[in-house]
Amino acid sequence: MLAPTLNQSVDAVHHFSDTRSSISVWPSTSPPRSAHRVCRRFKDIIDVSLELQYRIGLAFDGMIDGPPSPLSTGERLSRLRSLRRAWSTLSCTSTVTVPMPGPCYAYELVGGIFCKTQDIQRHQRLGSRRFSVTWLPSSHNPGHTLVHEDVGIPSRDFAMDPSQDLMVLFRGGEEFVMMPFIMVVPGTLELYVRTISTNQVHPEAQVEVLRTPVLFPITTATIHIVDDIVGVLYCLESIQPHVIMWNWKTGNLIVDRGNIDLPPATSDISFITNRTFFLTCGRGSGSIEIFALPCDRSSSDAFRPPEPPVHVATHTGPFLADCPRDKPFTASNEDRIHVLTVQYVNPAPTEGPRVGPRLCVFLQNQVLEGYIRRHARSGVVPFDVHWEEWGPANTRVLLHDGMFKWLRYVHGQRVVLTSALESGRSRIKVLDFNIRDVGPRQYTTPDPDSNARCGLSMDPLPAADSGSCHAACSHSHGVLVDYPTRIEMPNFFAGSVESCLPYRETRRDEMAEYSGVMIDDERLVGLKDGAFSAGDMKEIDVYMM
């Protein structure tokens, strides 16, 4: 094979930056001598071009560039690199305690903005009207808070996309909730399309309120905003799920599927792209069912886990239509990790516990996109993909002994987990699934036969002194897990469950006592108990990287 020309090499750099994919020019591990000269020239060009370094850095970290701003390319590159170093050891630069008074009925953390609703009515079950918006402090902005004292409706939940200045308020017929059960009547599910900044009707929305009739008042729902789509999963009962989706800009109803039109025991929903999503289902052997809009059943693929689960839930990072205006870059929608939490039933409960431990299954978004492309090319009828084909090589399965009391513990390809220590403090672990074989490793790789074979033990790694950071954020431990691990649960699985998706784990002990920690591009957010319903959130701790 002929060595590429210099122009072809430069084009390859741009190709790498645009597609976030690696390039293999020579299949052999010993390329021809001319290849070494091209590679040296290739490196020389990159070394003198901040633009190329920045674009490659974005691709390396799974980021997309932000809108034009006073920041130069060199300043953006410097910030990108400093964040990479900080996340590698969880070395925060400073910690700020942000006041967050009052209870928390519903909340979100998207694009560096933390929002919550709190009740201002006598009956909390009727929803909340007070809506607070807090731009969290960052390395370049001290942050501020905006409060909408009354959004005009009793909202039980909401979703938002700061890159579109968009929030969608959910109302599910609360006026009927307080009635005696013998008087339950049909109601209306309503989504109010507003701006975050003004609480006015969004200028791109042709319809102010998205409505659909429901048989009973809906008090809880899962809401997602993905570009111009808003999707809702709600359940009349645990066995009667319903999925409905609109184009929020046009007001057109795109998907309306009830229990009989959904896979059995549907329990959760997550988007893969702005036109594809999956449902988690707990009936039979359990499955992840993939759909493409407009959601004909013929477009679904089923991923089958190894054994029958009790419940399968899913969580992933927020989906942004674009990079927010006040950020130099943000995580790419394509480079995301999905976290499936699965709990199984013992088929022979007399021989052990009926319900097994909770498992976390980590799955990269790109794997699901690959099966979507495969289906589009083949044009065949729906097909099943069993665990042996998609699971071991593409996932990491870990035991999880805690509870996710707060969501938004996933961002990009990072996941933050919280557990309590005997001292009354908290341990924070960040799992990073963005593993690329480039540059020197900053983590130790333990022997797979050691105590780290389940990916839970750490080797010490000195951390850089963060100076102005909180004292509790000064020591970290890290490990690279790039070998197979196995879960042994003989009461639930006939054999071991092996998984191989590599990740880095960084841990900090002796943090403040948190019931949960959230994560985004540049910070960790520590939260405490007592925030929900009639409690008082009081404050949150923001650790800036």
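Local features need pLDDT of at least 70 and side-chain atom pairs count only at pLDDT 80 or more, while totals for chains, interfaces and linings use all residues. Residues are numbered from 1 along each chain as its sequence is written, and side-chain values use heavy atoms, with hydrogens and water left out.

Let us start with the whole protein. There are six helices and 35 strands in the protein; here helices (H or I, at least four residues) and strands (E, at least two) are DSSP runs, numbered from the N terminus. Of the 545 residues, 52% are buried, where buried means under 20% relative accessible area, exposed means over 50% and partly exposed lies in between (1.4 Å probe, protein chains only). The accessible surface comes to about 24,500 Å², with 53% of that belonging to carbon and sulfur atoms; such areas come from the Shrake-Rupley method with a 1.4 Å probe, and for residues only the protein chains shown count as cover. Among contacts with a separation of 6 or more, 62% are between residues 24 or more positions apart, a contact being heavy atoms within 4.5 Å.

How far can you trust the coordinates? The predictor's confidence in each residue is the pLDDT, which runs from 0 to 100. Its mean for the protein is 80, and 76% of the residues reach 70 or more. Confidence is highest in strand S25 (residues 410-411), at a mean of 97, and lowest in strand S28 (residues 459-460), at 29. Over residues 1-12 the pLDDT is below 50, and this stretch has 15 contacts in the model beyond near neighbours in sequence. Residues 438-474 also have a pLDDT below 50, with 84 contacts counted in the same way. Where pLDDT is low, the predicted coordinates should not be read in detail.

Now for strand S4 (residues 113-118), where six of six residues are buried. Ile113, Cys115 and Thr117 point one way from S4, and Phe114, Lys116 and Gln118 point the other way; all are buried. S4 runs antiparallel to strand S3 (residues 106-110), joined to it by five bridges, and two strands are said to pair if DSSP finds at least two bridges between them. Val110 stands opposite Ile113 in this pairing. The hairpin of S3 and S4 has two residues between the strands, and Gly111 takes a positive phi near 60 degrees there. S4 also pairs with strand S5 (residues 130-135), in the antiparallel sense over six bridges, and here Ile113 stands opposite Trp135. In general, strands of a sheet pair through backbone hydrogen bonds, either parallel or antiparallel.

S11 and S12 (residues 229-235) pair over five bridges, and Ile225 has Val230 in S12 as its bridge partner.

The loop between S11 and S12 holds Asp227, which has a positive phi of about 60 degrees although it is not a glycine. Asp165 is a further non-glycine residue with a positive phi, of about 50 degrees. Asp165 sits in the loop between strand S7 (157-161) and strand S8 (166-171), and it counts as partly exposed because its relative accessibility is 22%. For context, most residues other than glycine have a negative phi.

Thr276 lies in strand S16 (residues 276-281) and counts as buried because its relative accessible area is 7%. Leaving aside neighbours within four places in sequence, Thr276 is in contact with Phe271, Phe291, Ala292 and Ile372. A polar contact of 2.7 Å joins the side chains of Thr276 and Thr273; the term covers a pair of N or O atoms within 3.5 Å, where within protein one must be able to donate a hydrogen and the other to accept it, and residues adjacent in sequence count only if both atoms are side-chain atoms.

Asn333 is found in the loop between strand S20 (329-331) and strand S21 (337-345), and is buried at a relative accessible area of 14%. The side chain of Asn333 reaches the backbone oxygen of Leu320 at 2.8 Å. Not counting residues up to four places away in sequence, Asn333 touches Pro318, Phe319, Leu320 and Asn365.
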